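Please look over the sequence and the model shown here. A short report follows them.

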Amino acid sequence: MAGLRQQLWLLQQGQALALLQLTLHLCLLDPTSSDLTLDTKASQHPLEGFEVVKGNFSQSFLSVGYHKIIEIPAGAQNITIRETTKSRNYLALKTKNGVSIINGNWVIDRPGIYFAVGTQLMYRRPNEIRSRSGESITAAGPLTEDVHVYLIYQQPHPSVYYEYSEPSQNIYPSPEPDTPFDILSLVETFNPDEHLNNSDSIGSNIIKEKPHPNHVPSDPAVNSDLQPTYTWAETGHTTCSTTCGSGKRQALWECVERDSGTIVPVDFCDSALKPANQNEDCNTQLCPAYWDVGEWSDCSRKCGPGTQHRQIICRQVTHVHLNGTETSVTVATEQCGSSDRPVTKSVCQLKICSQWEIRSEWSPCSVPCGVGQRSREVVCVSNQGDVEEDEECNMNLKPDIMQNCDMGACARSWFTSMWSQRCSAECGRGNRTRTAVCLMDHVTDLPLGSCEGEQPVELTSCNSGPCQNRLEWYTGPWGQCSAECGNGSQARSVACILSNNGQLEVVDQSKCSKMPQPISSQPCRLKPCGVQWYVTDWSACSRSCNGGYRVREVHCLADNIARSDRCDPSLTPESREECKTQPCEAEIYPSCRDQYNNCLVVVQARLCIHPYYRGVCCVSCSRSSKTYPNTFHQNLIR
């Protein structure tokens with residue numbers, strides 16, 4: 001069966017070459033048919049059962065927004081989408097139903113790992129100062145549904161490279177039952193340009209040759225040409241991982257027929273003899289220096305024309321790693337050149353500044369004469385005419401909203417009220433009062449020193465006649481405060497006095513009881529005490545005799561009665577002390593008595609431990625143990 005399969009394949013190869021020659025002949029006869037493009041599906045080291053699809057999306061100018069690059073079908077694996085040059089553009093992914101995966105709906109997502117459509121997607125956005133690589137999205141796959149790749153266009157000349165592996169529809173198609181034997185499809189598709197470019201290496205880089213393991217030997221006399229041998233041959237290299245800075249590439253190995261060098265399916269060769277893929281250096285020349293441009297700083301002004309700055313560094317990539325990262329160093333600015341040196345300073349304007357607007361004339365002066373004030377309305381208005389907060393305008397340029405006004409000198413005169421009708425004393429000598437004010441002609445009260453001339457007197461003496469048998473409370477001066485600091489009290493003498501024709505006599509206070517009695521004590525506070533120790537009263541003693549103890553609380557408090565730790569620890573009052581140290585004396589309850597004369601014998605025999613003897617010899621047992629029977633314990637012990 002293996003020999004028949006090889007013969008069938010050789011026949012298919014001959015027919016395929018004939019079909020290819022016929023196609024080229026038709027292209028020469030019909031020029032319009034020469035506008036053929038090579039399929040982006042290449043057999044360049046694909047997964048078994050998969051075909052590699054790759055391409056590059058580039059346009060000079062597009063409208064700002066989303067632009068579809070490619071639709072990646074479900075089942076695709078080894079997906080790579082990356083910008084070939086750094087730009088201000090963004091990559092975006094959506095499902096075929098329009099559901100956003102990365103950077104959808106005009107929202108730029110953070111770089112990182114995303115899980116969608118059955119796989120893990122790695123979204124990278126290199127730092128502008130440290131890398132010149134653009135954005136990239138990679139996924140191992142396989143995808144569970146179609147994914148649409150978009151470019152968010154913001155900068156001219158975008159360039160996006162994409163590559164993925166999709167399942168082959170039929171790698172080794174067999175002829176249909178009704179298809180004639182002489183019309184068979186090609187066994188394998190490949191990139192003609194790549195095959196032609198590497199044709200000179202086929203045959204010169206043959207590693208080993210070995211008959212196909214499934215080949216059945218036939219009679220050499222019949223047809224020895226149907227027994228070819230097959231071997232692995234180097235047909236080229238993978239694309240270098242970088243165009244400069246020491247990249248990596250691998251050799252491509254194909255199964256070929258030894259004599260003719262024709263590429264055959266890989267299962268014609270022994271997979272165990274296939275050389276291992278090894279990385280080799282490529283494009284080792286230094287990369288050209290480039291300007292690494294930083295982000296613009298904030299505008300120097302919140303409104304109106306301002307400036308913003310950014311940092312630029314001349315860098316050169318020295319090595320490109322397999323994981324896509326780069327090692328770069330800072331070099332002299334001369335290596336980047338000055339012709340395309342990015343600008344580091346730019347004019348900016350966030351918005352037009354708001355301005356002050358005077359909305360009213362000056363108000364009338366606040367006084368009819370003398371110096372007063374007047375005001376007006378001033379508001380901050382935006383360029384749209386809306387009133388805004390004052391902070392939005394330049395406060396240094398705000399017009400005055402209030403100023404003094406001088407209405408001329410005012411007339412000043414003394415005015416007095418009428419004397420009070422009643423004397424301050426019901427009998428004897430007292431006083432009458434009145435009020436003196438300095439007024440202007442518009443009836444405005446002024447400080448008393450503003451009037452001309454002396455101020456009229458406001459107090460005069462009066463006599464209500466002799467006092468006869470009049471009782472009054474008399475008070476003495478306040479005494480000394482009881483506390484040197486903190487809260488204390490002070491007292492004064494209060495006496496009931498009988499006044500009769502100028503004679504004063506102290507009488508019993510009950511005679512003045514019909515009149516309100518002045519207070520004889522009041523709280524006082526000379527100064528704050530600061531922190532000090534406070535104690536509560538002692539608690540009851542824990543025992544009534546034979547030594548107990550009592551306790552109290554001790555706290556350090558400040559003037560505001562808040563706890564403090566600033567008191568002197570050496571002066572801390574005791575919080576516990578002994579009490580009731582006298583020995584306990586048994587008291588004989590009246591009903592407790594000895595019923596027998598020989599109770600002393602009961603005590604000596606130590607029979608008081610039995611309830612019977614404690615009851616009949618109550619007094620003797622109680623005195624002996626200095627305790628009481630259980631029935632009298634609470635009432636007899638004190």
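## Basis of the model

This is a predicted model, in which local features need pLDDT of at least 70, side-chain atom pairs count only at pLDDT 80 or more, and totals for chains, interfaces and linings use all residues. Residues are numbered from 1 along each chain as its sequence is written, and side-chain values use heavy atoms, with hydrogens and water left out.

## Overall make-up

The protein has seven helices and 39 strands. Both are DSSP runs numbered from the N terminus: helices are H or I with at least four residues, strands are E with at least two. Of its 638 residues, 29% count as buried. Buried means under 20% relative accessible area, exposed means over 50%, and partly exposed lies in between (1.4 Å probe, protein chains only).

The accessible surface comes to about 41,600 Å². Carbon and sulfur atoms account for 50% of that surface. Areas come from the Shrake-Rupley method with a 1.4 Å probe; for residues, only the protein chains shown count as cover. Contact means heavy atoms within 4.5 Å. Among contacts between residues at least 6 apart in sequence, 64% join residues at least 24 apart.

## A four-stranded sheet

Four strands form an open sheet in the order S3-S10-S5-S6, with antiparallel pairing. Two strands pair if DSSP finds at least two bridges between them. Strand S3 (65–72) and strand S6 (100–102) stand at the edges. Each has a single partner strand, so one side of each lacks a neighbour in the sheet. The twist averages 30° from one strand to the next. For such angles, axes are lines fitted to C-alpha atoms (for helices over the stretch in contact), and values run from 0 to 180 degrees between N-to-C directions.

S3 pairs with strand S10 (residues 147–153) over seven bridges, in the antiparallel sense. Isoleucine 70 stands opposite valine 149 in S10.

## Nonpolar cores

A nonpolar core is a set of buried Ala, Val, Leu, Ile, Met, Phe, Trp, Tyr and Cys residues joined through side-chain atoms within 4.5 Å. The largest one has 25 residues. Ile69, Ile72, Ile79, Ile81, Leu93 and Ile101 touch the most other members. A second, separate core of eight residues includes Tyr230, Trp232, Cys255 and Val264.

Leucine 93 has contacts beyond four places in sequence with residues including Ile81, Ile101, Leu121, Ile137 and Val149. Ser100 and His148 are also among the residues that leucine 93 touches.

## Disulfides

The structure holds 17 disulfides. A disulfide here is a pair of cysteine sulfur atoms within 2.5 Å. One of them joins cysteine 314 and cysteine 336, with sulfur atoms 2.0 Å apart. The link is right-handed, with 95° about the S-S bond. Cysteine 314 lies in strand S18 (residues 312–320) and cysteine 336 in the loop between strand S19 (326–330) and strand S20 (345–348), so the pair ties together parts 22 residues apart in sequence. Cysteine 314 is buried at 2% relative accessibility. Cysteine 336 is buried at 10%.

Cysteine 541 is joined to cysteine 579, S to S 1.9 Å. This link is right-handed, with 95° about the S-S bond. Cysteine 541 sits in the loop between strand S36 (532–535) and strand S37 (548–551), and cysteine 579 in strand S39 (residues 576–579), so parts 38 residues apart are tied together. Cysteine 541 is partly exposed at 23%, while cysteine 579 is buried at 10%. Cysteine 599 and cysteine 617 form a disulfide with sulfur atoms 2.2 Å apart. Their link is left-handed, at -80° about the S-S bond. Cysteine 599 is in helix H4 (residues 599–604), and cysteine 617 is in the loop between helix H5 (611–616) and helix H6 (618–625), 18 residues apart. Cysteine 599 is buried at 2%, and cysteine 617 is buried at 1%.

Threonine 242 lies in the loop between strand S13 (230–237) and strand S14 (247–257). Threonine 242 is buried, with a relative accessible area of 12%. Beyond its neighbours within four places in sequence, threonine 242 contacts Gly247, Asn283 and Val320.

Serine 499 is in strand S33 (residues 494–500). Serine 499 is buried, at 8% relative accessible area. Not counting residues up to four places away, serine 499 touches Cys467, Gln468, Asn469, Arg470 and Leu504.
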